[in-house]
Amino acid sequence: MNRLASPAQLRASLIRWSLFLVPAVLLLGFMSGQLAGSGDGNPWFSQLSKPGIYPPPAAFGIVWSILYAMIGLAAAGVCSAFGSRYRNGAIIAFVVQLCLNLLWSPMFFLWHNISGALVVIVLLDVAVVVTIYLFLKVRRWAGLLLLPYLAWILFATVLNLQFLQLNPNASELDEGSAVQRIEM
């Protein structure tokens, strides 16, 4: 039986991919949120009516940090699975879902387009389901590692819909009339 790589080589490959992808995914997620001005510090967002299920703002940073680390680790598991016939398709699906993920914050917080953000997040839901399916075919643990991410974005989809229902004219809000907080 010919092996493509020894178990030690496979572990080393997973570690190398993890050392690259986990920080890269964390950084991209952080940059997307920062550049979009996401969160309660956004004057436009502060004016919006919040749904009853809206979690405390601190929860988002904690949850997304954990999820981005898990997403990066799952991707590293797939990228290091040389020889899998589903590997390339899984990587493409991963990149597509990550681009949709990174697009959501600017769509919602920067461009104030709640309905556009809803379209993006529904597409993200579908892309993540496809990614999980393909990841499961490459490495079962990598697909399972994405299940909390799917649960969170499905919750975020409901939140997005409720924001749209509570704030149908949100794009017309004047950001200049909002109170701006300055910390010294």
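What follows is a working chat about the predicted model shown above.

Colleague: Before we start, what are the ground rules for this model?
Modeller: It is a predicted model, in which local features need pLDDT of at least 70 and side-chain atom pairs count only at pLDDT 80 or more, while totals for chains, interfaces and linings use all residues. Residues are numbered from 1 along each chain as its sequence is written, and side-chain values use heavy atoms, with hydrogens and water left out.

Colleague: How many helices and strands does the protein chain have?
Modeller: The protein chain has seven helices and zero strands, where helices (H or I, at least four residues) and strands (E, at least two) are DSSP runs numbered from the N terminus. Along its principal axes, the C-alpha trace spans about 70 × 35 × 25 Å.

Colleague: And what share of the residues counts as buried?
Modeller: Of the 184 residues in the protein chain, 41% count as buried, the cut-offs being under 20% relative accessible area for buried, over 50% for exposed and partly exposed in between, with a 1.4 Å probe and protein chains only.

Colleague: What about contacts, how many join residues at least 24 apart?
Modeller: Taking contact to mean heavy atoms within 4.5 Å, 80% of the contacts in the protein chain between residues at least 6 apart in sequence join residues at least 24 apart.

Colleague: Which residues have the most contacts inside the largest nonpolar core?
Modeller: That core has 48 residues, and those with the most contacts inside it are Phe45, Leu48, Phe108, Phe135, Tyr149 and Phe163; a nonpolar core here is a set of buried Ala, Val, Leu, Ile, Met, Phe, Trp, Tyr and Cys residues joined through side-chain atoms within 4.5 Å.

Colleague: Which element gives the most to this core?
Modeller: Helix α5 does, with 12 residues. As for Tyr149, leaving aside neighbours within four places in sequence, it is in contact with Trp64, Leu67, Ile71, Gln97, Asn101, Leu124 and Val128.

Colleague: Switching to Asn160, is it buried or exposed?
Modeller: Asn160 has a relative accessible area of 1%, so it counts as buried, and it is found in helix α7, residues 147-166. Beyond its neighbours within four places in sequence, Asn160 is in contact with Trp104, Phe108, Ile114, Ala117, Leu118 and Ile121.

Colleague: Why is the pair of Trp44 and Phe108 edge-to-face?
Modeller: The ring centres of Trp44 and Phe108 are 5.7 Å apart and their planes are at 70 degrees, so the pair is edge-to-face. This pair links distant parts of the chain, with Trp44 in helix α2 and Phe108 in helix α4, 64 residues apart. Both Trp44 and Phe108 are buried.

Colleague: Which residues do ring pairs link into a cluster?
Modeller: The cluster is made up of Trp44, Phe45, Tyr54, Phe60, Trp104, Phe108, Phe109, Trp152, Phe155 and Phe163.

Note on methods. Phe/Tyr/Trp six-rings, centres within 6.5 Å; stacked < 30°, edge-to-face > 60°.
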